[in-house]
Amino acid sequence: MNRKGCLSVLTLLLPLNGIFASQQNQSPAEAGYLPGEVILFFEEEARERLALGEKNGIATLGIPTIDDLNETFQVFEAQRLVRGTISEIGKQYGMDLLYHLFLPEDTDILMAVEAYKKHSLVFDAFPNVIYQPLDTPNDPLFSSQWALPKIKAPEAWDIQKGNSSIVLSIIDTGNDWDHPDLEGNLWINTLEDFNGNGTFENYSSGSGGDLDGVDNDGNGFIDDVIGWDFTGNDPNPTPGGGGFNHGTWVSGIANMVTDNGMGGAGIPWNCRTMAFRCAPLFTSCLINTINYSANNGAHVINMSWGGGFNSGINNALQAAHAAGLVLCASAGNGNTSNRLYPAANVNVIAVAATNSSDQKSSYSSYGTWVDVCAPGDGILGAGNGGGYVSTSGTSASSPVVAGAIALLRSQNPAWTNFQIENLLFTS
């Protein structure tokens, strides 16, 4: 991907003078990580040797010197990190070479990571890092969506009102999917929609719902009608907490139901949203969600979160891009030129934020590696429980771009992600 600074999505994103970028990189200690968990990313030579097992209460992986380390650190459980189907493209990027180890919670995880990294068959090792959502949730609530006329969405809708076959994946902290301004635009996995009515009923099929306890499409996930909760390991990605939830807000910005006589409008109009919950936004959950999106028909991924570079997340994203997806991520709210990941990864569109005067938002990070600027101040999205929230951050500007890309792709669903990116950067 050729990075072009601040450019536009045809008529959808207003060009801005200058170039912008991301938040300061965070170490695992700064970002936080789950205690007692290590992720190993093996070299390709290990593929034929890896075999999960157990010996005297210690998890084994079939490589004696790795198993010795497992005994040293009292690894009591090990599993392949990526759940469900791994495509041939995914295997090319090593998604089958990621393994998730569980150690006692008082283990010095950084010491364990360094020990595993020294092994010749380990490409990388890292804690289960928690990434940070990039909102500034104390901003006041606004009743109007100034961003839509600013990016000339109404003019775009005269040409294209979105295609229901185009799917956005919102990888975030949850989706209040039965919100009246979100539910109508949900992606439906038709093979798991047990009662066949095009909606998600989160109760037993015996009572007329969709939960029949069977993996009807064979993708490794049971009853995944609208997506998945990778935190609770169930088909209901509803977030916890009160009226504000980062993922619900971002989902609303990207794709509220348009022209339904209520609430706000989403940019892609008739496109669909694949719903997920990763709360907190920890590494293993994020990798799985990226892989699920690529394997189950998503066209655009939005990531309104960030932290330090991670090889597992990077390779999952490169596999998704190789499968044809367009990837968008927030550049960060640190008002710094330091790179933030995943926005700074190759083949990811890094999005900075602008205000209503077409100037860089005061908080937005900046730099030559940022690709696109979009409105980020006081952006209306959905709130838990059927409400609405207006707040600011590059967490808002990224789903503005993701929604615009979905609308752009609707104009010609046969366009490749490279064609979409070239249109974005050259318009």
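What follows is a short chat about a predicted model.

Reader: What should I know about how this was made, and how are residues numbered?
Author: This is a predicted model, where local features need pLDDT of at least 70, side-chain atom pairs count only at pLDDT 80 or more, and totals for chains, interfaces and linings use all residues. Residues are numbered from 1 along each chain as its sequence is written, and side-chain values use heavy atoms, with hydrogens and water left out.

Reader: How many helices and strands are there?
Author: The protein has 11 helices and 17 strands. These are DSSP runs numbered from the N terminus: helices are H or I with at least four residues, strands are E with at least two.

Reader: What share of the protein counts as buried?
Author: 59% of its 427 residues. Buried means under 20% relative accessible area, exposed over 50%, partly exposed in between (1.4 Å probe, protein chains only).

Reader: And how much of the contact count comes from residues 24 or more positions apart?
Author: They account for 75% of the contacts with a separation of 6 or more. Contact means heavy atoms within 4.5 Å.

Reader: Switching to rings. How many aromatic pairs?
Author: The structure holds 14. Rings of Phe, Tyr and Trp (its six-membered ring) pair if their centres lie within 6.5 Å; planes under 30 degrees apart count as stacked, over 60 as edge-to-face and the rest as tilted.

Reader: What is the geometry of Tyr131 and Trp305?
Author: Edge-to-face, with 5.5 Å centre to centre and 70° between the planes. Tyr131 is in strand β6 (residues 122-133) and Trp305 in strand β12 (residues 305-306). They are 174 residues apart, so the pair links distant parts of the chain.

Reader: Buried or exposed, those two?
Author: Both Tyr131 and Trp305 are buried.

Reader: What about Phe221 and Phe230?
Author: That pair is edge-to-face too, at 5.6 Å centre to centre and 80° between the planes. Phe221 counts as buried because its relative accessibility is 3%. Phe230 counts as buried at 11%.

Reader: Which cluster are they in?
Author: One aromatic cluster is formed by Trp187, Phe221, Trp228, Phe230, Phe276 and Tyr292.

Reader: Which ring does Lys161 lie over?
Author: Lys161 lies over the face of Trp269, 5.2 Å from the ring centre. The criterion is NZ of Lys or CZ of Arg within 6 Å of the ring centre and within 35 degrees of the ring normal.

Reader: Helix packing now. How do α8 and α9 sit?
Author: Helix α8 (residues 283-295) and helix α9 (residues 311-322) pack at an angle of about 5°, axes 9 Å apart. Axes are lines fitted to C-alpha atoms, for helices over the stretch in contact, and angles run from 0 to 180 degrees between N-to-C directions. That makes α8 roughly parallel to α9. The cut-offs are under 35 degrees for roughly parallel, over 145 for roughly antiparallel, 65 to 115 for roughly perpendicular, and oblique for the rest.

Reader: Which residues make the contact?
Author: From α8, Thr283, Leu286, Ile287, Ile290 and Ala294; from α9, Gly312, Ile313, Ala316, Leu317 and Ala320.

Reader: Where is Ile63?
Author: In the loop between β3 (58-60) and α2 (64-72). Ile63 is buried, with a relative accessible area of 0%. Beyond its neighbours within four places in sequence, Ile63 contacts Phe42, Ala46, Arg49, Leu50, His119 and Leu121.

Reader: And where is Ala329?
Author: In strand β13 (residues 326-330). Ala329 counts as buried, at 0% relative accessibility. Its C-alpha is 4.8 Å from that of Ala343, 14 residues apart along the chain.
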